[in-house]
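Me: I am new to this structure and would like to learn how to read it. Could you take me through a few features, one at a time?

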Amino acid sequence: MTSKNNNNRQSLLTKLRRSLNDRESSDKFWNAMAKARGNRTALLEKEHIDMHAIKDSNKALKTASVADRSLVEQFANNVRENGGQVFLAKTGEEAMRYVVELSNRVGAKLIVKAKSLTSDEIEFTKELEKVGIRAVETDLGELVIQVAGETPVHLVMPAAHKSLKEITQLISGLVGKELRAEDQEILGAVRAYLRNLFLTADIGMSGANIGVAETGSIVIETNEGNGRLVTSLPKIHLVIIGMEKIVPTWSDAAYLVKGHSASATGQNMTVYVSAITKHVPLAGSAEGREFHVIILDNGRSKMRDDPWFSDALNCIRCGACMNVCPTYGIAGGHTFGYIYPGPIGIPWTAEVHGLDKATFAHLCISCGLCKEICPVDIDIPMMIAKVKEEEIAENGQLVVNDFFMASETLAKMASSTAPLSNWFLRRSATRALMESLVGVDRRRTLPAFSRRRLRPRLSSLGTGSGATGKVVFFPDIYADYNEPQLGVRAVKILLSLGYRVEVPDLRWSGMPYISYGNVAKATEVARENLDSLEKYLDEGYAVVSTEPTAVYMLREVYPKLVPGDLANKARERSFPFFGFIHERLPELELKPSFPTAEPIGFHIPCHDRSVSHGTPAISFLRGAGYRVQVVENGTCCGMAGTFGMKHGDLGYNLSMAVGDHLFRLFRESGRKLVATESSVCSTQISDGAGLKVIHPLYAVEEVAKPASKA
Amino acid sequence: MLNPTRVQDESSAQDLSRFLASLRDLHVEAHVVKSESETTETIRTILTKVGCKSVVVAGIPPKLRGAVSAAASGAAVSFVEDLQGRPQAEVVAILDGADVGITWAAKGVAREGAMLEVVYDDASKLASSLPLVHIALLESSSILPGLVEALPLVGKMIKDSPPERKPLITFISGPSKTGDIEMRLLYGVHGPHSVHAIILDMDLTGDT
């Protein structure tokens with residue numbers, strides 16, 4: 001481990017500590033993200049937008065466009081045919097050399113900029129400053145961080161972390177007048193200050209949301225009106241567009257325009273959606289008016305040719321992934337980012353800025369919510385796992401991560417030595433030792449282990465008639481080594497419904513390999529499990545689990561690790577327990593174990609969100625007579641599997657900081673009893689909110705056999 | 001006698017009411033007018049209310065010039081088309097100094113509450129960008145159901161025009177706004193603070 005790379009990790013921890021200490025800023029930022037989530041959800045509901053349908057068509061369109069190498073040339077040719085100039089920049093440096101040359105040729109001293117994260121990527125303003133050319137941000141959020149000397153904290157809301165008071169201070173300094181901390185006063189001052197710059201600037205620089213190859217046009221989506229002035233008043237209109245933004249036709253562009261602002265800000269469209277094909281004359285005169293388009297590579301062609309990272313080029317910069325990311329919401333975009341922040345910022349930073357800038361990848365807790373919310377269905381979690389793997393290959397793995405990646409072996413050991421193992425784990429001396437030697441936080445409740453595992457307990461039940469179908473029950477670790485009684489309950493229900501149930505010897509699902517950046521090991525375990533399942537799948541078995549993460553692995557992760565028919569078949573035939581029995585719920589007679597006068601609280605695990613969203617489990621509870629109150633803030637509870645068991649900031653502390661926002665909601669709900677299907681969410685909510693948390697199968701004391709059909 | 005355009009009228013009526021609802025949601029003041037004199041009256045009311053001293057007008061059909069001029073009563077009116085050939089700095093100064101910009105929208109987009117601006121000169125675009133108040137005139141018969149129908153039309157307009165005269169096309173849906181100060185929605189940043197849509201529900205072809 002070189003000391004330089006130690007510095008990057010240390011710097012990350014220092015910034016994280018600062019974020020965790022500054023509770024006020026963190027809460028404010030968290031609330032801003034919650035509001036952004038809410039805006040998006042409100043629009044989707046109001047307009048009845050089916051995001052799942054849109055995800056698939058967007059993904060197909062973007063993937064095809066990114067792969068089509070003729071588009072850049074077609075786009076460039078059309079721009080030139082319409083009188084514009086095109087420069088293909090291999091690197092940021094090349095792009096900036098072009099900008100400086102252009103500025104010198106026309107004698108430009110002042111450039112007004114519309115919001116462009118691509119220009120931030122290549123440090124546009126800084127490079128121009130070096131040669132004495134002033135580039136002023138005209139988007140309010142970008143202007144604020146420019147004056148503050150900071151990088152953007154969010155793709156869409158670059159100054160989301162700034163308070164009115166801070167903004168007032170910054171703008172007062174800029175305009176040279178002491179302003180009152182009042183919205184309209186600030187707005188008025190900014191309008192007047194920038195109006196003068198719009199009118200006198202030599203060059204107007206903009207990015208482009210989309211490039212349309214068939215006409216050589218760009219589409220710019222803005223709200224403030226600054227984009228309109230930047231692209232019309234100055235003699236020169238300069239565009240910097242990433243090469244991956246180009247799509248073939250206007251019909252393609254329509255899909256992206258529809259999806260972009262819905263996902264970004266909960267708007268149907270931004271206030272101004274402009275289609276620009278040339279720099280048109282002003283008051284009848286075209287003299288000196290030029291249109292320049294820099295098409296930027298800067299690592300994009302390398303990403304395009306990389307099977308793991310080409311997916312990142314599908315990004316349409318909506319920012320939804322960072323609105324939902326639980327640890328980004330606590331740490332903020334300066335800790336969880338370099339120039340591109342948030343989940344999508346991890347693969348982008350690693351590829352265009354360098355692996356050493358992407359150390360913040362370790363803040364990802366693999367909840368998978370970024371992929372779920374992405375309007376282009378980008379597999380961000382998988383790319384993050386690869387970045388973690390690369391970073392660890394250079395700088396070494398943490399001891400505590402190795403410990404938890406050995407969970408399968410540890411569970412075997414703890415189970416075979418129970419109840420002694422449990423006795424040891426309960427002793428504070430043991431926990432103190434585990435904390436200092438390995439890094440398992442002593443404050444975290446650990447589950448107990450069962451000597452007698454699941455299969456021995458099932459032998460007396462038989463395998464079942466198989467009259468209604470065949471099921472492989474996949475307990476994963478929890479329903480086998482910790483709480484096999486849960487597995488027994490599940491299997492009993494399946495048997496009573498007439499299924500033949502097998503519990504073959506499978507590996508664990510292996511999620512921690514993904515969380516801690518060992519994609520190689522994850523692939524190994526995926527292959528092994530799929531090989532074991534093959535003969536069952538061929539014989540028409542379904543695979544059912546009570547563990548949401550196991551289903552998530554089978555559906556979302558294994559097909560990426562071991563692409564092919566087998567993984568696809570496994571994905572199609574894998575079900576969460578309640579999802580599998582959902583249709584047959586009316587056949588069961590469910591007797592509640594707890595009084596049903598009070599509603600039961602419910603938490604949807606992140607790994608179930610894209611699978612069944614808790615719906616069938618909730619139906620099961622209702623079937624037993626419970627009223628169910630779902631308590632959610634739209635993001636993760638913070639436990640994230642074994643992450644919340646790790647000692648310190650990159651573990652328990654961050655986990656509980658995320659969790660606090662959910663614990664508060666649970667306490668406010670007044671619910672005394674909570675149900676959730678995830679074994680680890682269960683620990684988090686009971687540890688954090690001090691409530692009794694059970695698996696829904698424990699909410700019913702008796703499940704009567706279905707009545708025989710006449 | 002059967003009216004062959006009846007189905008067309010019904011869906012147009014639907015589009016119009018959807019358009020009006022969307023405009024309302026976006027803080028655009030909408031006015032439906034059925035005659036030239038009503039147009040004049042409506043514009044005059046707006047200009048008086050905002051204390052307008054100078055108006056710039058771009059892109060409206062020549063037929064409506066009279067109606068607009070009549071509404072101005074006292075305020076200075078500059079038609080952007082007439083300013084062609086004047087020094088750019090002068091034209092920009094007039095546009096920047098105007099209180100109100102009156103422009104033509106080629107299409108309305110019902111579902112998203114957007115108005116389609118199609119211009120060939122940036123002075124026309126500045127008429128709807130620089131002043132604090134923007135009044136857009138459009139025909140009710142030009143209202144399309146949604147963005148999905150509108151964007152292919154945009155592509156066609158661009159494709160069908162020669163390289164030297166490509167249109168500059170913008171969907172405008174409401175006044176300029178920002179959420180950059182503590183995520184509060186604030187109107188009137190660098191573009192207009194208020195937008196009016198005057199929907200001409202009348203036959204503009206022929207005389208009268």
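Me: What classes of residue make up the lining of the largest cavity?

Reply: A cavity is a set of points, on a 1 Å grid over the protein atoms alone, where a 1.4 Å probe fits but cannot get out, and lining residues have an atom within 4 Å of a point. Ala, Val, Leu, Ile, Met, Phe, Trp, Tyr, Cys and Pro count as nonpolar, Asp, Glu, Lys and Arg as charged, and the others, Gly among them, as polar. Here the lining has 9 nonpolar, 1 polar and 4 charged residues. Keep in mind that this is a predicted model, where local features need pLDDT of at least 70, side-chain atom pairs count only at pLDDT 80 or more, and totals for chains, interfaces and linings use all residues. Residues are numbered from 1 along each chain as its sequence is written, chains are lettered from A and ligands numbered from 1 in the order in which they are written, and side-chain values use heavy atoms, with hydrogens and water left out.

Me: What is the volume of the largest cavity, and which residues are closest to its centre?

Reply: A volume is the space filled by probe spheres set on the grid points, which are joined across faces, edges and corners. For the largest cavity this is about 120 Å³. Of its 14 lining residues, Pro381(A), Met382(A), Ile514(A), Tyr552(A) and Val557(A) are the closest to the centre.

Me: Which helix gives the most to that lining?

Reply: Helices are DSSP runs (H or I, at least four residues), as are strands (E, at least two), numbered from the N terminus. In this case α18(A) leads with 5 residues.

Me: How many residues are in contact between chain B and chain A?

Reply: Contact means heavy atoms within 4.5 Å. By that rule, 57 residues of chain B touch 65 residues of chain A. The buried area, the accessible area (1.4 Å probe) that two parts lose on being put together, summed over both, is about 5,300 Å² here, and carbon and sulfur atoms give 58% of it.

Methods: On a 1 Å grid over the protein atoms alone, a cavity is a set of points where a 1.4 Å probe fits but cannot get out, and a pocket is an open set with protein on both sides within 12 Å along at least five of seven lines; lining residues have an atom within 4 Å of a point.
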